[in-house]
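Look at the model below before reading on. Turn it around, and keep it in view as you go through the report.

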2 protein chains.
Amino acid sequence: METTLTPTERTRLKRLPQRGSYDVATIHAILDAALICHVAFNVDGQPFAMPMAFGRVGNQLYVHAASVGRMPRAGADGLDMCITVTHVDGLVLARSAFHHSMNYRCAIVIGRARLVSDPIEKEAALRAVVDHVVPGRWDEVRQPSAQELKATAVFALALEEASAKVRTGGPIDDADDYTRPVWAGVVPVTTTFGQPEDDGRLVAGVAPFEVSRLQ
Amino acid sequence: METTLTPTERTRLKRLPQRGSYDVATIHAILDAALICHVAFNVDGQPFAMPMAFGRVGNQLYVHAASVGRMPRAGADGLDMCITVTHVDGLVLARSAFHHSMNYRCAIVIGRARLVSDPIEKEAALRAVVDHVVPGRWDEVRQPSAQELKATAVFALALEEASAKVRTGGPIDDADDYTRPVWAGVVPVTTTFGQPEDDGRLVAGVAPFEVSRLQ
């Protein structure tokens, strides 16, 4: 696999390119650390951004949707799609409104997604989606019935046209503004997992869920 | 203002409609609690989902972008757009792969956005974007220069065609699966603000930032 993607006219970063990266390992790390992505696609020419679970197998990203949902069928030509993952890492409070920002890690993957029809790839994709959030979960639970598989549409988007953008560090203020008597800096933002709450119907003796299993 | 929006063919929830809502207060609450949104729009027919800060003034949502960025100019006809906000509140671990889910609050607003040209509305919009994250911040910092305003494009999307979708509670398993000896329940997910880190260049005597000011 390539270690650095070649930017295209569609993925070349136009704004603050020094924050950008086409490094595959960087993009993978951002994707793999996320709970959800936002998927953009068109329905009758109207763009939608929908939150979805996702999984990755090598350079294939997989999202799934209910077969009866809004997501259009991908025909033989596929479905133009953008999969975006964003982590907000901090609020960047500057001395001017203009220089307010956030620290973040963002990965954007675009291209034409294909509907996965091969049953072996479909099952591997769904395994990746489940195990993406809780590694090893797929093997612990009941796997899909034929009916459940039929009710689920899986799309694959190759990680070929993609970029990452990362901001870190404190505010960067205009020189004249440093005399202003206002607090400036970063408020860190983190995602935290709480104490697991069992559903009250566990079989006797089942081991509690360990949050340390989560990414 | 209307208290309930009328669903259109484009916003009517097709999948699990019992989780949906067109209640304006519900949609506002989901939007107002978010740090960022994802904005979907097309560039030469390719959909993109981009993370952005945003603000709300009444039933107008505002996003801003660098004037030199990828976001297309909205001409007289405007720009078809979708603004989506998603909060992940929990991982829902079921006894089958199929019934795995997440608890979440999501608001989706679609329509044709307009480029804000009126300077008074533009300034109010930028104030809303800054104060959305830190209430009262706009009045504490240097406000935009003419050059900074010129460098910033602001889009307005009316909150007219929109829906909310919310999932809460534990997993809902098939009856036959409750005998499975596997943990099932919810792992809560929360967003947490850490200790503010000043940038080391504060004027002497500036008060520390209080995280309690954040939403």
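This report covers one chain first, then the pairing of the two chains, and then a few single residues.

**The chain**

The structure is a predicted model. Chain A has 215 residues, and 39% of them count as buried. Its C-alpha atoms fill a box of roughly 65 × 50 × 35 Å, taken along the principal axes.

Chain A contains 3 helices and 11 strands. Read from the N terminus, their order is β-α-β-β-β-β-β-β-α-α-β-β-β-β. Take the contacts in chain A with a separation of 6 or more: 72% of them come from residues 24 or more positions apart.

**Strand β2 and its partners**

Start with β2(A), which covers residues 37-43. Of its 7 residues, 5 are buried, so the strand is largely enclosed by the rest of the structure.

β2(A) pairs with two strands described here, β3(A) and β6(A). The table sets out both pairings.

| Pair | Sense | Bridges | One bridge between residues |
|---|---|---|---|
| β2(A) and β3(A) | antiparallel | 7 bridges | F41(A) and F48(A) |
| β2(A) and β6(A) | antiparallel | 3 bridges | H38(A) and T84(A) |

How many residues lie between β2(A) and β3(A) in their hairpin? There are 2 residues between them. D44(A) sits in that turn, with a positive phi of about 55°.

Helix α1 of chain A runs over residues 24-32. Its residues I27(A), I30(A) and L31(A) are buried. These residues span an arc of only 100° around the axis, which places them on the same side of α1(A). What covers them? The cover for the buried residues of α1(A) includes β4, β6, β7 and β9 of chain A.

Now turn to chain B. In its helix α1, also given as residues 24-32, the buried residues are I27(B), I30(B) and L31(B). Down the axis of α1(B), they fall within an arc of 100°, so they line one face of the helix. The buried residues of α1(B) pack against β4, β6, β7 and β9 of chain B.

**How the two chains meet**

Two copies of a chain are related by a rotation about an axis and a shift along it.

The contact draws 83 residues from chain A and 83 residues from chain B. Several elements of chain A each supply at least two residues to the side that touches chain B, among them β2, β3, α2 and β10. Which element gives the most to this side of chain A? β10(A) does, with 9 residues. Sorted by class, this side of chain A has 51 nonpolar, 17 polar and 15 charged residues.

Are the two surfaces alike or unlike? Of the interface residues of chain A, 100% are also interface residues in chain B, so the copies meet through the same surface.

β10 also links the chains strand to strand. β10(A) and β10(B), the latter at residues 185-193, pair in the antiparallel sense over 5 bridges. In this pairing, T191(A) stands opposite T191(B).

**Two residues of chain B**

Consider H132(B), which belongs to helix α2 of chain B, residues 119-133. Is H132(B) buried or exposed? A residue counts as buried if 20 or more other C-beta atoms lie within 10 Å of its own. H132(B) has 21 other C-beta atoms within 10 Å, so it is buried. Beyond its neighbours within four places in sequence, H132(B) contacts F54(B), G55(B) and R56(B). A97(B) is 35 residues from H132(B) along the chain, and their C-alpha atoms are separated by 38 Å.

Compare I172(B), found in the loop between β9 and β10 of chain B. I172(B) has 10 other C-beta atoms within 10 Å, so it is exposed. I172(B) and V92(B) are 80 residues apart along the chain, yet their C-alpha atoms are separated by 9.2 Å.

Conventions:
Residues are numbered from 1 along each chain as its sequence is written. Chains are lettered from A and ligands numbered from 1 in the order in which they are written. This is a predicted model: local features need pLDDT of at least 70, side-chain atom pairs count only at pLDDT 80 or more; totals for chains, interfaces and linings use all residues. Two residues are in contact if their C-beta atoms, placed from the backbone, lie within 7 Å. Helices (H or I, at least four residues) and strands (E, at least two) are DSSP runs, numbered from the N terminus. Ala, Val, Leu, Ile, Met, Phe, Trp, Tyr, Cys and Pro count as nonpolar, Asp, Glu, Lys and Arg as charged, and the others, Gly among them, as polar. Two strands pair if DSSP finds at least two bridges between them. A residue is buried if 20 or more other C-beta atoms lie within 10 Å of its own, exposed if 12 or fewer, and partly exposed in between; C-beta atoms are placed from the backbone. The arc is that of the directions from the helix axis to the C-beta atoms.
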